[in-house]
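Please open the structure in a viewer and keep the selection tool at hand.

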Amino acid sequence: MRLLLTLSSFFIMLLSQGQNKQLLYNVSDLPQTLMSNPGAIVNFDGHFGIPLFSHISLSAGSSGVNLFDIFDDSNPNVNQRVTSTINRLTSKDYFTAQEQLEILSMGWRLNKDDYFSAGIYQEMDLFAYFPKDPAILVSQGNANYINVPFDFSHVSFTGEVLTVYHLGLNRKIDNQLTVGARVKMYSGIFNVQSVNNTGIFLTRNTPEGPNYYRHFAEDIDVRVNTSGFTTLRDENQTVQEASKDLLSKSFFGGNIGVGIDLGATYKIQNNLIVTGSIQDLGLMFQRDDVENYTYKGTYQTDGIEPLFPGIGPSGAAFPYWDEFEDEVDRNLVDETLNESYVTWRPFKLNASLQFRFGEDCPPCDYRIQTKKIYQNKVGIHLFGIKRPGSLKYALSTYYDTKVIPNLRIKVAYTLDDFSYTNVGLLLSTQLKKFNFYLAADNLFGYLNLAKSRYQSVQLGFQFILNK
């Protein structure tokens, strides 16, 4: 029962949630670009983000369903709408959500070639494939699926909330190559994971047997790992104690992990640049406040065989259901354990090619060696993120231009699993040393959020320093 409750609550939580496409990746005049690519070209001498407001990112999406599919008033029968939606979805459809809040961000130039950065941010990442076969079995039963197996490997999801501490170094090797690396320490707050599940449930026609049907549960092995939840279920814990526990987990009081980011930028020509990076190549050790729910075994049954009255104990009616439950429990074991486990972070890949044009001539001064500045940038950007069983990709093309001296605009079109009309927009303005940016994906989705399968928004405030 605990296993079913855990699965149900997780999928309800994910019903309308999604994934970030890194719209800031190639904006080289923003400190946040360093977080996506530690090897980005740094055109400033220092930065300091406004605590809790230097970067806020939210994204949510579903590859196969939206709220309108469930709440469409044109069909008053909600059960039919739900059934139609379940039948349309496949086990490869998924729900995903991400949230990131930068707590502290800073950086400064060590010398003309090296730039050091550091910071703290909190992150949430949720992902779940649609459990096609279990959803049909629970909602519709097996009457219309005789001789059709229900596959429990469709149950696959991950979720985590953690705090990240990081230190990074960006180095200009020469006029063409810039590289960078960032070391990360993870402090886990919550984690839930259920992957690599196996087993099938099958019903066959057996007219020659003691019943018309025989039910098979073969090689069932379903496991849900959790950490960070059990202490919150303590009924004797006060709100103050629960808050103290959460704060402790944020500062290495719970589960810990390590990771690394790597990145590089190479100038093929002054106006033709290729970049690449990998983020969150790391793992977490889930050892504290751990609880595991398992359900495993093999079993087959012809159902309940009726007996004549008076055969039970003392002539009473035979306890059919109690006997059946005991038989199932002997073969399909439901256990709650406290075993530590290891989780890998969902690493992200970025690669891009950028062409710059429209050279902007700076004021002429023979005493100062100036660099070429380009008004316009166009390019393509490939983004990937590791998910259970596969990598999920998004391919973007973009145009970035300076509209007025203190305002840049970036327009991007993205092909992904959510939409064929994903147009994103980024605005970045700088007033003296103060910078503000706002970015949003899938702008057409804001016209009718109920029909949108994906939305993303990012914003940030920081000070950018130049000597």
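A residue is called buried when its relative accessible area is under 20%, exposed when that area is over 50%, and partly exposed in between. The model shown here is predicted.

**First stop: Asp-280**

Select Asp-280, which is found in strand β11. Is this residue buried or exposed? Its relative accessibility is 1%, under the 20% limit, and therefore Asp-280 counts as buried. The backbone also deserves attention: Asp-280 is not a glycine, yet its phi is positive, at about 60°. Most residues other than glycine have a negative phi.

The side chains of Lys-184 and Asp-280 meet in a salt bridge, with 3.1 Å from N to O. This pair links distant parts of the chain, since Lys-184 belongs to strand β7 (residues 177-194) and Asp-280 to strand β11 (residues 272-286), 96 residues apart. Lys-184 is buried as well, with a relative accessible area of 1%.

Lys-348 forms a salt bridge with Asp-280, and the closest N and O atoms are 3.3 Å apart. Here too the pair links distant parts of the chain: Lys-348 is in strand β15 (residues 348-360), 68 residues from Asp-280 in strand β11. Both Lys-348 and Asp-280 are buried.

Over the whole structure, a search finds 14 salt bridges.

Which residue does Arg-223 pair with in a salt bridge? The partner is Glu-339, and the closest N and O atoms are 2.8 Å apart. Arg-223 lies in strand β9 (residues 213-227), while Glu-339 lies in the loop between β13 (332-337) and β14 (341-344), so the pair ties together parts that are 116 residues apart in sequence. Arg-223 counts as partly exposed, at 25% relative accessibility. Glu-339 likewise counts as partly exposed, at 38% relative accessibility.

Move to Gly-297 in strand β12 (residues 290-301). With a relative accessible area of 21%, Gly-297 is partly exposed. Which residues are in contact with Gly-297, leaving aside its neighbours within four places in sequence? They are Ala-217, Glu-218, Asp-219, Ile-220, Asn-331 and Leu-332. To see how the chain returns to this place, select Ile-220: its C-alpha atom and that of Gly-297 are separated by 5.2 Å, although the two residues are 77 residues apart along the chain.

Select Asn-196, in the loop between β7 and β8 (198-205). At 71% relative accessibility, Asn-196 counts as exposed. Its phi is positive, near 60°, in a residue other than glycine.

Display the surface and select Tyr-266, Ile-268, Val-274, Leu-353, Ile-380, Leu-382, Tyr-393, Leu-395, Tyr-413, Leu-415 and Tyr-420. These residues make a nonpolar surface patch of about 1000 Å². Which elements give two or more residues to the patch? They are β10 (255-269), β16 (373-387), β17 and β18 (407-415). One member to examine is Leu-415, which lies in strand β18. Leu-415 is partly exposed, with a relative accessible area of 40%.

Then select Val-403, in strand β17 (residues 390-404). Val-403 counts as partly exposed, at 47% relative accessibility.

**Last stop: confidence along the chain**

Finally, colour the model by pLDDT. The chain averages a pLDDT of 86, and 87% of the residues score at least 70. Select residues 1-20, where pLDDT stays under 50. For this segment, the model has 64 contacts beyond four places in sequence. Where pLDDT is low, the predicted coordinates should not be read in detail.

Key
Residues are numbered from 1 along each chain as its sequence is written. This is a predicted model: local features need pLDDT of at least 70, side-chain atom pairs count only at pLDDT 80 or more; totals for chains, interfaces and linings use all residues. Side-chain values use heavy atoms; hydrogens and water are left out. A salt bridge is a side-chain nitrogen of Lys or Arg within 4 Å of a carboxyl oxygen of Asp or Glu. Helices (H or I, at least four residues) and strands (E, at least two) are DSSP runs, numbered from the N terminus. Buried means under 20% relative accessible area, exposed over 50%, partly exposed in between (1.4 Å probe, protein chains only). Patches are made of residues with over 30% relative accessible area and no salt bridge: like charges are joined within 9 Å, nonpolar side chains (Val, Leu, Ile, Met, Phe, Trp, Tyr) within 5 Å. Accessible areas come from the Shrake-Rupley method with a 1.4 Å probe; for residues, only the protein chains shown count as cover. Contact means heavy atoms within 4.5 Å. pLDDT is the predictor's confidence in each residue, from 0 to 100.
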